[in-house]
Amino acid sequence: MTAFVMAEEKHMGKFATNIELNSGYEMPILGLGTWTLTGETCENVVYAALKSGYRLIDTAKYYGNESEVGNAIRRAIKDGICKREEIFVTTKLVPWSNNPNLDIDDSLKQLGLSYIDLCLLHQHGSASSDDAVYRAMCKAVKAGKIRSIGISNFYTEKTVSHFIKDFEIPPAVIQNENHLKYQNNALRDWAAKKGIFIESYYPFGGRGHTKEHLENPTVLEIARAHGKSAAQIIVRWHLQAGYIAIPGSSNPDHIAENFDVWDFELTENEMKKLSSLDTGQRYENW
């Protein structure tokens with residue numbers, strides 16, 4: 001799997017920053033995850049990310065921070081940092097919803113947006129509830145409330161195939177736990193043939209495992225060779241391996257550092273070394 005390829009005008013320096021989804025819309029390949037961020041902290045962190053150049057912001061109804069994300073976006077637009085059409089907002093719907101149609105409207109209200117760029121079914125529920133949420137998202141696409149749809153926490157060809165075969169609109173993105181220790185190359189490669197991109201949450205391994213990833217000897221060796229941080233090496237690996245990545249942080253300096261990955265490239269040998277760290281170990285079980 002090679003690095004993302006896009007039109008020349010979509011490059012920042014040497015490397016592509018956006019990909020085209022099967023919905024026809026463009027999505028940045030590097031964004032900010034907002035899981036565990038709340039209140040004023042969340043708003044300030046999202047604002048800082050937009051100021052640092054991020055244009056992909058990931059939230060979810062379950063996170064309880066959609067309004068703060070929306071506040072930050074409006075602040076950034078008002079301050080001339082970016083325009084709405086430049087920002088790609090992802091939110092996610094829980095599978096246990098009693099009324100996913102109302103949930104979509106509520107997310108739009110909380111975010112203060114007229115449309116959602118990408119909406120995902122957050123995780124497995126019952127088969128009937130999963131289908132109800134996905135049908136609601138398809139309906140919202142036709143109504144112009146959502147532009148692209150997808151699924152999260154679905155890890156096998158079998159579970160993903162249902163959403164391709166049995167619905168009018170296939171997933172554009174599958175957002176899963178992906179990191180150096182869990183790469184799931186089989187799903188990534190199969191999905192790519194279907195025109196579906198894999199998005200990595202927990203790109204540094206997630207809370208409780210970040211240190212293990214950032215202090216890995218192989219990562220540190222490659223970081224020294226490039227004069228970059230371990231975090232930047234890991235982010236760069238995700239992008240060159242064909243993943244979208246959404247690292248999370250509440251530290252503005254770390255947020256800016258994670259985005260400063262466009263001026264170097266990992267060699268083929270370095271990519272092989274990092275890919276060899278895969279143990280098939282996931283840290284979550286949802």
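Helix H10 contributes three residues to the lining of the largest pocket, the most of any element. This is a predicted model. H10 spans 252-259, and helix H7 (210-214) also supplies at least two lining residues.

The largest pocket holds about 610 Å³ of space. Its lining counts 30 residues, and those closest to the centre are Trp-35, Tyr-202, Gly-206, Arg-207 and Gly-248. By class, the lining residues divide into 13 nonpolar, 13 polar and four charged. Rolling a probe the size of a water molecule over the atoms shows where empty space is left.

Now to the strands around E9. Strand E9 covers residues 146-152 and is mostly covered, with six of its seven residues buried. E9 pairs with strand E8 (residues 116-121) in the parallel sense. E9 also runs parallel to strand E10 (residues 173-177).

| Pair | Sense | Bridges | Residues standing opposite |
|---|---|---|---|
| E8 and E9 | parallel | five bridges | Leu-121 and Ile-151 |
| E9 and E10 | parallel | three bridges | Ile-151 and Ile-174 |

How does the chain get from E9 to E10? The path goes through helix H5 (residues 157-165), and this β-α-β crossover is right-handed. From E8 to E9, the chain passes through helix H4 (residues 127-142), and that β-α-β crossover is right-handed as well.

Conventions:
Residues numbered from 1 in each chain as written. Predicted model: local features only at pLDDT ≥ 70, side-chain atom pairs only at ≥ 80, totals over all residues. Heavy atoms only, no water. 1 Å grid on protein atoms, 1.4 Å probe; cavity = no way out; pocket = protein on both sides within 12 Å on 5 of 7 lines; lining within 4 Å. Points joined across faces, edges and corners; volume = space filled by probe spheres on them. Helix = DSSP H or I, 4+ residues; strand = E, 2+ residues; numbered from the N terminus. Nonpolar A, V, L, I, M, F, W, Y, C, P; charged D, E, K, R; others polar. Buried < 20%, exposed > 50% of the residue type's maximum accessible area, 1.4 Å probe, protein only. Pairing = 2+ DSSP bridges. Right-handed = clockwise from strand over helix to strand, strands pointing away.
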